[in-house]
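Here are some notes to read alongside the model. Please keep the structure open while going through the points.

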Amino acid sequence: MKNILIRSGISPFDNFDASYMLVNNSIGGNVGNLVYAYSVFRTLMTEDTMITPDYYKIDPNQADEINQKYDMYIIPLADAFREDFAPTLRKYTKLIKKLTIPVVVIGVGLRAPFEPKLNEGFPFDEDVKAFVSAVLEKSSMLGLRGEITSKYLTRLGFREGIDHTVIGCPSMYSFGRELIIRDTNITKDSIVSVNSSRLSPKNVLDFITRGMEEYPNHYFIPQWLKEMKLTYAGAPALAKSSSNYPVSMMDPTYMNNRVRYFLNVPTWLDFLKQADLSFGARLHGNIAATIAGTPSILLPKDARMRELAEYHQLTHVMANEITEQTRLSDLVEKADFHSPEKNQAKNFDHYISFLNSNNLDHIYKDSMTPAVVPFDERMAKVDLLPAITPISGISIEELVQRIEKYSTLEEEKRAKEQKNKDKKIKDLQKKVEDTQKKLKEKDKAIKKYKGTLNRKAVRMALKTADMFSFSK
């Protein structure tokens, strides 16, 4: 049995409820992270492979334990080449250097503006170089999310096709080589799945708002951790007010029970299979729709989304193409919803080649259509929790239960953190006391040594004086 450790805040088989996920941030700040982890689990889990999440714990001091317990460390990443993630990269670098097992990065990208100025460099360049170098000591090459990231690493001195290769996002290969987008009849009464990001430019946010008005039978699918809390507990608001984004329970989207926050990938995909259209500014919100076979329109806002939209030919419209007059119905009429199907087979084959180059076992070793998928068999036995609905759609009793459970877990976490803090302070105080004790002992020894030297010096001086006296 091969044991694999994987970077993930949750296993697809962990049936954590919203309270637990909120308190422990099991989604890494964004529930979209569950989608690509789901795909990697499904692809790599064979009958002879066990995969364990690291729950986002990075401790270089645990390297020996990891070496003993696991045969390989898999690290799927999103836009990890960014300034606020640099400290985490440094921790990974320290850990990886201590590991003796293979370490494979399955997907990583650069966070940068839509038109990145790669030649100007970034503040985190040295951290990226150290991280990539450490990984290459433990695997054959890194898998990147797109061409922009590839050009970035090439500028840093790493060789394309040798040190790194573009594989896109693993989530696109969740169900293998074949991808089929359903033909749906999109009308004013259609079920429309909407996703958005407050980081998008105003013209995009305004367009998404108009689209929601144009298709009233919509459901808003938030992804941020803060939005999970807002949906689950009704507060706090994301901002005081907004005319183009649902930021509080006072927004009609929340008040009319038109929000669904998913805690796992299968229920998310099942919901999207019932929708006629998905659109918005969230990468994995629309990738989830794509692998569910639902027509989707993505609105890329940065280099990270742009390179993936281009590599997978996701149906998309760039932000600068959207004006005040742009209507969602007009985009629907012009859109080629089957575009993602065109490069899927080629991209998938390259992805499998990447896995093979890193000696990774997977379910497609013998056939592109495996008869047995161990992941699916185990997943079928999990009684998955449904999506969270906003407090406007639940009873007072359920609301009280939510708040009580969340509050209890928060208090337990604070108590645990305080206990750990107190222990660290106590350990530090003991170290200080031990150091002071050692210093006192040294001072005592020095005084004794000085006393001995002084006595010897006096005797030597007297002896010298006697010699001079005798010579006279």
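1. Ground rules. Helices (H or I, at least four residues) and strands (E, at least two) are DSSP runs, numbered from the N terminus. The model is predicted: local features need pLDDT of at least 70, side-chain atom pairs count only at pLDDT 80 or more, and totals for chains, interfaces and linings use all residues. Residues are numbered from 1 along each chain as its sequence is written, and side-chain values use heavy atoms, with hydrogens and water left out.

2. L409. This residue lies in helix α16 (residues 396-471). L409 counts as partly exposed because its relative accessibility is 22%; buried means under 20% relative accessible area, exposed over 50%, and partly exposed in between (1.4 Å probe, protein chains only). Leaving aside residues up to four places away in sequence, L409 touches S19, Y20 and V23. Contact here means heavy atoms within 4.5 Å. L409 and S278 are 131 residues apart along the chain, and their C-alpha atoms are separated by 35 Å.

3. Helices α2 and α10. Helix α2 (residues 33-44) packs with helix α10 (residues 265-274) at an angle of about 105°, the axes being 10 Å apart. Axes are lines fitted to C-alpha atoms, for helices over the stretch in contact, and angles run from 0 to 180 degrees between N-to-C directions. The two helices are therefore roughly perpendicular to each other. Angles under 35 degrees count as roughly parallel, over 145 as roughly antiparallel, 65 to 115 as roughly perpendicular and the rest as oblique. On the α2 side, L34, V35 and Y38 meet V265, P266 and W268 of α10. This contact has six nonpolar, no polar and no charged residues. For the classes, Ala, Val, Leu, Ile, Met, Phe, Trp, Tyr, Cys and Pro count as nonpolar, Asp, Glu, Lys and Arg as charged, and the others, Gly among them, as polar.

4. Helices α5 and α6. The axes of α5 and helix α6 (residues 147-155) cross at roughly 90° and come within 11 Å. D125, V128 and V132 of α5 make the contact with Y152, L153 and R155 of α6. By class, the residues divide into four nonpolar, no polar and two charged.

5. Salt bridges overall. A salt bridge is a side-chain nitrogen of Lys or Arg within 4 Å of a carboxyl oxygen of Asp or Glu. The count by this rule is 24. One network of salt bridges links D79, R82, D84, R111, D302 and R304.

6. D84 and R82. These two form a salt bridge, with the closest N and O atoms 2.6 Å apart. D84 is exposed, at a relative accessible area of 56%. R82 counts as buried, at 17% relative accessibility.

7. R90 and D127. The closest N and O atoms of this salt bridge are 2.9 Å apart. The pair links distant parts of the chain, 37 residues apart: R90 sits in helix α4 (residues 86-98) and D127 in helix α5 (residues 125-136). R90 is partly exposed, with a relative accessible area of 40%, whereas D127 counts as buried at 16% relative accessibility.

8. E115 and R306. Their side chains meet in a salt bridge (3.4 Å, N to O). This pair, 191 residues apart, also links distant parts of the chain: E115 is in the loop between β4 (103-105) and α5, and R306 is in helix α12 (residues 303-311). E115 is exposed at 54% relative accessible area. R306 counts as buried at 18% relative accessibility.
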